[in-house]
Amino acid sequence: MAEAMKRSGPLAGMRVIELAHIMAGPVCGLMLADMGAEVIKVEKMDGDDTRRTVPPALEGESAAYMMMNRGKRGISLDLKDPDGVAVLRRLLKGADVLIENYRGGTMERLGIGYETLREEFPALVYCSLSGFGRTGPYAERAGFDLVAQGMSGLMSITGEGPGRPPMKCGPPVTDITAGILAAMGVLAAYSNRLRTGKGQAVDTSLFEAGITHTYWQSAIAMATGVAPGPMGSAHPLNAPYEAFETADGWITIGAANQTNWLRLLKAIGAEALADDPRFAVNRDRMINRQDLAGTLAPIFRAHSSAEWLARLEAGGVPAGPVLDVNAMHRDPQALAREMVVEVEHPRVGRMKTLGLPVKFSETPGRVHGPAPLLGEHSRAILAEAGYASAEIDALIARGVVRETAA
């Protein structure tokens with residue numbers, strides 16, 4: 001547990017075994033790691049598939065893998081070998097949490113499903129992430145973000161507008177959200193364990209993660225019986241609340257209530273629109289949203305983004321530029337909030353990664369280091385679990401464990 005003692009953050013002292021790959025499970029692990037937990041990533045012998053998600057790669061290491069797994073320690077283990085399973089069980093003796101996102105039935109076939117492990121480790125918090133959850137008619141289906149976005153309703157409300165092809169959200173939102181929900185579930189179960197001494201299973205999915213993003217649209221559908229469709233950048237309940245083109249780019253306007261609507265009109269010099277019955281209150285503006293957008297569009301195209309943003313900020317109107325990802329990385333607020341940080345990687349050297357999006361006043365978390373090389377910490381982790389040097393050498397020689405020198 002020496003590594004855990006070096007950790008800072010509210011979860012310092014928690015040990016997590018991550019049997020997860022690609023994205024949803026690793027997101028859960030990285031959230032816990034950034035908050036101070038020691039996360040031991042257990043990879044198959046040829047590594048997490050994200051290691052092969054290239055290009056881009058830096059010094060032979062996948063950029064995608066390094067993003068999703070920074071701050072973790074790594075061991076490569078053959079769980080198809082009984083000795084590999086024995087190693088895992090030994091690691092679990094000192095663990096608080098297990099994270100897995102294998103296809104349904106895989107963990108059970110390996111002899112490490114929840115019902116089996118709970119007998120030996122009754123205090124273990126066992127977190128499963130999957131495409132559709134571990135119960136229900138789709139429990140055995142494989143799940144990917146694209147499929148979950150389609151089935152959760154997200155693709156029906158994303159895109160330019162009615163009659164256009166279905167569109168997925170740019171980022172893999174169901175993968176990322178499932179990982180965050182899983183971390184939330186782990187912390188709730190861990191809190192309960194601190195009170196009762198009992199562990200439990202935590203189960204969430206990409207499908208459910210996608211559904212949580214439909215709160216507004218589900219409210220509309222449940223109230224009216226009509227399923228909302230795509231609206232581009234506009235809002236289904238407030239107007240004006242969308243992106244507008246300027247003389248040299250795009251900005252977003254969030255005039256989402258009557259006060260901000262009147263502030264907007266003053267800032268853009270269009271106070272007369274306050275008396276237009278089509279736009280009097282939000283209900284009117286939503287009914288006549290296209291007319292409203294068409295009225296405002298030429299006004300915003302008359303000046304640059306910088307000029308409009310200065311006027312809108314002075315007028316107290318919520319607004320912002322539409323940044324590309326590189327520009328976001330340079331944004332002074334992102335830097336001030338430590339959302340872009342640097343770590344030292346054994347092969348790549350000094351490199352940038354994203355930071356922890358939750359701040360703590362008394363127990364600040366942080367990115368604790370780079371992603372591990374494949375099997376980088378195998379020997380150290382086994383030694384901490386009580387294996388003698390000769391035993392470790394034998395496991396490596398037999399191909400049960402893989403070791404990679406930093």
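1. Basis of the description. Residues are numbered from 1 along each chain as its sequence is written, and side-chain values use heavy atoms, with hydrogens and water left out. As this is a predicted model, local features need pLDDT of at least 70 and side-chain atom pairs count only at pLDDT 80 or more, whereas totals for chains, interfaces and linings use all residues.

2. Overall make-up. The protein has 18 helices and 14 strands, these being DSSP runs numbered from the N terminus (helices: H or I, at least four residues; strands: E, at least two). Along its principal axes the C-alpha trace spans about 85 × 45 × 40 Å. Of the 406 residues, 46% are buried, where buried means under 20% relative accessible area, exposed means over 50%, and partly exposed lies in between (1.4 Å probe, protein chains only). Among contacts (heavy atoms within 4.5 Å) between residues at least 6 apart in sequence, 69% join residues at least 24 apart.

3. The seven-stranded sheet. An open sheet of seven strands has the order β8-β7-β6-β1-β2-β5-β14, and its pairing is mixed; two strands are taken to pair if DSSP finds at least two bridges between them. The edge strands, each of which pairs on one side only, are β8 (200-205) and β14 (401-402). Strand β1 (residues 15-19) is joined to strand β2 (residues 38-43) by four bridges in the parallel sense, and V16 has V39 of β2 as its bridge partner.

4. Helices on that sheet. Helix α4 (residues 82-92) packs on the sheet and touches β1, β5 (73-77) and β6, its direction making about 155° with that of β1. Helix α8 also packs on the sheet, where it touches β6, β7 and β8, and its direction makes about 165° with that of β8. For these angles, axes are lines fitted to C-alpha atoms (for helices, over the stretch in contact), and values run from 0 to 180 degrees between N-to-C directions.

5. Strand β6 and its neighbours. In strand β6 (residues 97-100), V97 and I99 point one way while L98 and E100 point the other way, and all are buried. In general, side chains in a regular strand alternate between the two faces of the sheet. Towards β1, the pairing of β6 is parallel over four bridges, with I17 standing opposite L98. Towards strand β7 (residues 125-130), β6 again runs parallel and is joined by four bridges, and here C127 is the bridge partner of I99.

6. The packing of α2 on α8. Helix α2 (residues 24-34) and helix α8 (residues 173-196) pack at an angle of about 50°, with their axes 7 Å apart. That angle makes α2 oblique to α8, given that under 35 degrees counts as roughly parallel, over 145 as roughly antiparallel, 65 to 115 as roughly perpendicular and the rest as oblique. The contact is made by A24, V27, C28, M31 and L32 of α2, together with residues of α8 including I176, I180, V186 and L187.

7. The three-stranded sheet. A further open sheet has the order β9-β10-β11 with antiparallel pairing. β9 (241-245) and β11 (319-321) stand at the edges, each with a single partner strand, so one side of each is left without a neighbour in the sheet. On average, neighbouring strands of this sheet are turned by 25° against each other, direction ignored. β9 pairs with strand β10 (residues 250-254) over five bridges, and F244 stands opposite I251 in β10. Helix α13 (residues 289-300) lies across β9 and β10 at about 40° to β9, whereas helix α14 (residues 305-314) lies across β10 and β11 at about 20° to β10.

8. The β12-β13 hairpin. Strand β12 (residues 340-345) and strand β13 (residues 349-354) run antiparallel and are joined by six bridges, with a hairpin of three residues linking them. Within this pair, V341 stands opposite T353.

9. A residue in α18. D393 lies in helix α18 (residues 389-397) and counts as partly exposed, because its relative accessibility is 38%. D393 and E403 are ten residues apart in sequence, and their C-alpha atoms are 9.8 Å apart in space.
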